[in-house]
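Have the viewer open as you read.

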Amino acid sequence: AAGCATALVSGEQVKQMQIVENNDTGKSDWKDPRTMMLLVRMGKTLTDRALDEEWAALRELDAEYTRIESASTCAKNRIQMLLVQLFPDLSFKRDWLFDGQAARVILELYGFDPFALVADARAAQRLRTRKLRPQTIERLLRDAREAIKQPVPILWREVRSRQLRDAYQDLSVAQERRQRIRLEMTGLLEHLRQAGKVQLGPVAGVIGPFLLSRILAQTGPLRDFGSIRQLWRYAGMNLRPRQSGVVRGKERQAKRGRARLRHVLGQAVLKLVTKDGLYGEYYHRKKKLGMLGPVAMTAVARKFLKLLFGLERSRQPFDRTRVFTCESRHTKAA
């Protein structure tokens, strides 16, 4: 209404440009507008991406999933801490404790109190009726007999058992919420595909619908990016060169973009770097050349993001033989 134009500039660029402009690291209200206008005249402006309804909902669901994932991890850590104190000789591992039904049975009947387990003369029979395997029962009773060699006050054990039940309840709630959000995110992805807003779909053995929905929640519409380099910068996966004269240092990842996108990409490529995985040969070749594991994983994640970007732009089905073949060689072979 006032005939004014607006532009967005990066706060980090403003700070760095002030050093270039007047050789001063200080900040003041009268300097900032002048530096911002200088950046606008240089064309160093940002694009304001206003995500529409489905994309905004997908991103918010991913943020909620991350929060619930953190709550689930906290609940698991608390369970392990309590079990170390209450049942120190328990020899079962994480999968049995968190995913197995047997652990919930022990919690329900005895609160994971080894004294209560040993004191029950019919414990083995009661556990068999709850479908626990004989080997599991024998091992559990052996662990309990070792644990009770150190006397512990009764009231303290009761408090610890109650805290353990609460921690398992927190874990169950988090797991249920995670499953619900997974279904919502995959449903939104399918809705976007049916509406023609996303061409990219799950690829068997490469990426499933849930991880794909998490990646797209962080990138937004891939068609908003003009090149893969723009997408790399958005993710903070562009490389920072270090060169002065004849001296050339190691290139490192910028890490200036979306940290959550880099985290999800790391989860997505984890199963692709096995010996028979899509990037297995590439990953292990990099390691043989002396590249550290995390750096090699970053290289794989960059290539994988480029693959997703190319599939979305080309609207072609996934072709495994095309992944490591350049366009000119592929066209010549065709």
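## Where two helices meet

Which residues in helix 3 meet which ones in helix 10? Keep in mind that this is a predicted model. On the helix 3 side you'll find Trp55, Leu58, Arg59, Asp62, Tyr65, Thr66 and Glu69, and they meet Phe210, Ser213, Arg214, Leu216, Ala217, Gln218 and Thr219 of helix 10.

As for geometry, helix 3 (residues 53–86) and helix 10 (residues 209–219) pack with their axes 8 Å apart, at an angle of about 115°. The two are therefore roughly perpendicular to each other, and the crossing is left-handed.

Counting aromatic pairs with centres within 6.5 Å gives six of them. Take Phe112 and Tyr168: their ring centres are 6.3 Å apart and the planes sit at 10°, so this pair is stacked. It ties together distant parts of the chain, 56 residues apart: Phe112 is in the loop between helix 5 (101–110) and helix 6 (114–119), while Tyr168 belongs to helix 9 (residues 154–194).

Both partners are tucked away. Phe112 is buried, at a relative accessible area of 0%, and Tyr168 is buried too, at 2%.

How values were computed: Residues are numbered from 1 along each chain as its sequence is written. This is a predicted model: local features need pLDDT of at least 70, side-chain atom pairs count only at pLDDT 80 or more; totals for chains, interfaces and linings use all residues. Side-chain values use heavy atoms; hydrogens and water are left out. Rings of Phe, Tyr and Trp (its six-membered ring) pair if their centres lie within 6.5 Å; planes under 30 degrees apart count as stacked, over 60 as edge-to-face and the rest as tilted. Helices (H or I, at least four residues) and strands (E, at least two) are DSSP runs, numbered from the N terminus. Buried means under 20% relative accessible area, exposed over 50%, partly exposed in between (1.4 Å probe, protein chains only). Axes are lines fitted to C-alpha atoms, for helices over the stretch in contact, and angles run from 0 to 180 degrees between N-to-C directions. Angles under 35 degrees count as roughly parallel, over 145 as roughly antiparallel, 65 to 115 as roughly perpendicular and the rest as oblique. A crossing is left-handed if the near helix is turned anticlockwise from the far one by less than a right angle, and right-handed if clockwise. Contact means heavy atoms within 4.5 Å.
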